[in-house]
Amino acid sequence: MKRFFIVTFALCLLAAALGLPACAPETRDRYTMRLVFEPLSRTLSGEMGVRLTNRTDRPWDTVCFQLWANAFREGAKYLPVGETFAPAVYYKGASFGGIAVTDVEGGEARVAGADENILEIVPPSPVPSGGEARFSMRFTVLLPEIEHRLGIGQRTVTLSGFYPVLCHWDGGFCEHVYTPCGDPFTSAAADYDVTFTLPERYLVAHTGTGTRTAADGLARYQIVAEGVRDFAMVCSERFSVCTGEAAGVPVAYYYLDDPDPARTLAAAEESLAFFEETFSDYAYPAYTVAETGFPYGGMEFPMLSWIADDLPGRETPLVVAHETAHQWWYAMVGSDPYHEAWQDEGLAEFSAALFFDAHPAYRQTYADVVSASERAYRAYYSVSAQLSAGETAMSRPLTSYTGDYAYRSLAYDKGVILFDRLRQTMGDGRFFAALKAYARAYAGKTASPAELIACFAARAPQAEGIFAAFLGGACVI
Ligand SMILES: [Zn+2]
């Protein structure tokens with residue numbers, strides 16, 4: 001990314017010298033938050049200011065924010081956890097949370113949506129296309145006792161989806177409900193300025209870079225994160241930290257009882273360096289991996305990956321490589337994982353397979369990952385073909401999956417097979433040129449499936465048919 005800025009700057013100078021219009025600096029939305037975590041009351045309280053620009057072609061009468069934290073409240077209709085995982089993640093039995101938003105300034109606010117999942121703010125006059133809106137508010141999040149994306153776990157406090165975040169725009173503000181499988185989160189890249197205070201005994205792994213100071217028993221983090229789609233943290237009284245670097249980027253690993261932290265850190269460093277070489281420059285000034293109480297193997301956030309604290313050691317490198325690949329396929333190049341989960345999950349898992357081929361020390365190969373995906377998908381297909389008409393289309397909203405098994409089989413396993421078939425058909429030269437073009441063209445943006453497909457179809461016309469057969473469910477594997 002540094003190289004990108006230098007080239008951009010040089011082009012601006014050239015434009016100025018030639019008397020061409022100067023380059024306008026890109027303004028991103030900005031969230032400013034002052035947060036305090038109090039373990040005794042299980043609360044995260046915050047003051048937040050948001051500055052938004054209406055980049056759409058329609059005026060905004062109402063501005064909508066997702067309230068992800070309300071999925072954890074008592075009586076929620078769209079639960080964050082399915083029946084399979086509920087007994088394990090609610091380690092003390094049922095526990096509830098939720099978010100209360102108060103003191104909203106900048107418009108009339110109300111909680112709405114299908115499941116109290118949306119904060120609507122009506123500004124005094126519509127925000128015109130190209131216009132700016134500013135809001136401020138206070139919020140208090142009650143943290144459930146749960147090992148999940150938001151809550152107080154047995155050894156870690158996970159803080160993601162805790163603040164009102166602007167809804168994804170797709171011709172209008174999209175209102176997503178929480179789903180027990182997949183990641184229902186889609187948001188635009190923005191800048192964050194965060195101050196976070198909590199008892200000094202905690203260490204915090206977070207999106208962004210910053211400083212930690214401690215006084216009077218409290219630790220204070222001052223954090224800046226630019227061009228990120230989300231802001232997340234994980235806190236623990238038991239974290240140890242080891243650090244390294246990859247391609248000039250500092251890499252940190254916050255761990256609990258990982259028996260081989262150096263190996264996990266190395267997987268993070270090596271995969272970051274490999275993806276930078278294979279796809280495009282890493283856009284952020286740091287990268288952190290944290291061991292976390294989490295039921296689904298791992299979870300990606302910008303500049304931050306969580307890996308589950310109960311991973312079998314042999315699976316750790318795959319999870320680390322997969323989550324690190326999400327820095328390209330989710331964090332830098334955004335997509336819509338609510339409707340098209342395969343687009344980032346399939347690419348992330350496929351990228352991990354590529355990484356293993358270049359790093360034989362992990363004793364897995366590209367062929368191993370692809371054939372494991374084929375076996376898993378065929379097993380799923382034989383079951384689902386008996387159970388129903390055959391649920392094989394990859395292009396589907398998260399709410400339409402029958403459960404975690406279908407989600408895993410279609411978004412991950414079939415996704416790996418799709419990109420492997422494209423690679424075989426196109427040959428490495430054209431295939432990797434397409435992936436690089438996709439990474440470059442959509443960095444900082446949100447790409448639709450059609451935009452991804454166009455990168456491949458521009459280099460191999462038959463790619464369009466391959467995508468159509470996989471996404472629509474017609475192909476036989
Ligand atoms: Zn993933």
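**Group meeting: a walk through a predicted model**

In this predicted model, residues 24 or more positions apart account for 67% of the contacts with a separation of 6 or more, where two residues are in contact if their C-beta atoms, placed from the backbone, lie within 7 Å. Before I go on, please note that residues are numbered from 1 along each chain as its sequence is written. Because the model is predicted, local features need pLDDT of at least 70 and side-chain atom pairs count only at pLDDT 80 or more, while totals for chains, interfaces and linings use all residues.

Let me begin with the whole protein. There are 10 helices and 20 strands; these are DSSP runs, helices being H or I with at least four residues and strands being E with at least two, numbered from the N terminus. The C-alpha trace spans about 65 × 55 × 45 Å along its principal axes. A compact globule of 477 residues would have a radius of gyration near 23 Å, and the 22 Å of the protein agrees with that; the radius is taken over C-alpha atoms, and the globule rule is 2.2 Å times the number of residues to the power 0.38. Of the 477 residues, 45% count as buried, a residue being buried if 20 or more other C-beta atoms lie within 10 Å of its own, exposed if 12 or fewer, and partly exposed in between.

Now to the domains, whose bounds come from an automatic or database domain assignment. That assignment gives domain 1 (29–194 + 219–231), domain 2 (241–331) and domain 3 (358–472). The centres of domain 2 and domain 3, taken over C-alpha atoms, are separated by 22 Å, and eight residues of domain 2 are in contact with nine residues of domain 3. On the side of domain 2 that touches domain 3, the elements giving two or more residues are helix 3 (261–278) and helix 4 (316–325).

Strand 20 (residues 304–308) is mostly covered, as four of its five residues are buried. Which strands pair with strand 20, and in what sense? Strand 18 (residues 287–292) pairs with strand 20 in the parallel sense over five bridges, and there the partner of Glu291 is Ile307; two strands pair if DSSP finds at least two bridges between them. Strand 19 (residues 298–301), by contrast, runs antiparallel to strand 20 and is joined to it by four bridges, with Glu300 partnered by Ser305. Strand 19 and strand 20 form a hairpin with two residues between them, and Met303 in the turn has a positive phi of about 65 degrees.

Next comes helix 9. In helix 9 (residues 449–457), Leu452, Ile453, Cys455 and Phe456 are buried. Seen down the helix axis, the buried residues fall within an arc of 150 degrees, so they line one face of helix 9; the arc is that of the directions from the helix axis to the C-beta atoms. Their cover includes helix 5 (341–358), helix 7 (404–426), helix 8 (428–441) and helix 10 (463–472).

I will finish with two loop residues. Asp216 lies in the loop between strand 13 (209–215) and strand 14 (218–228), has a positive phi near 55 degrees, and is exposed, because 5 other C-beta atoms lie within 10 Å. Arg363 is in the loop between helix 5 and helix 6 (366–387), with a positive phi near 60 degrees.
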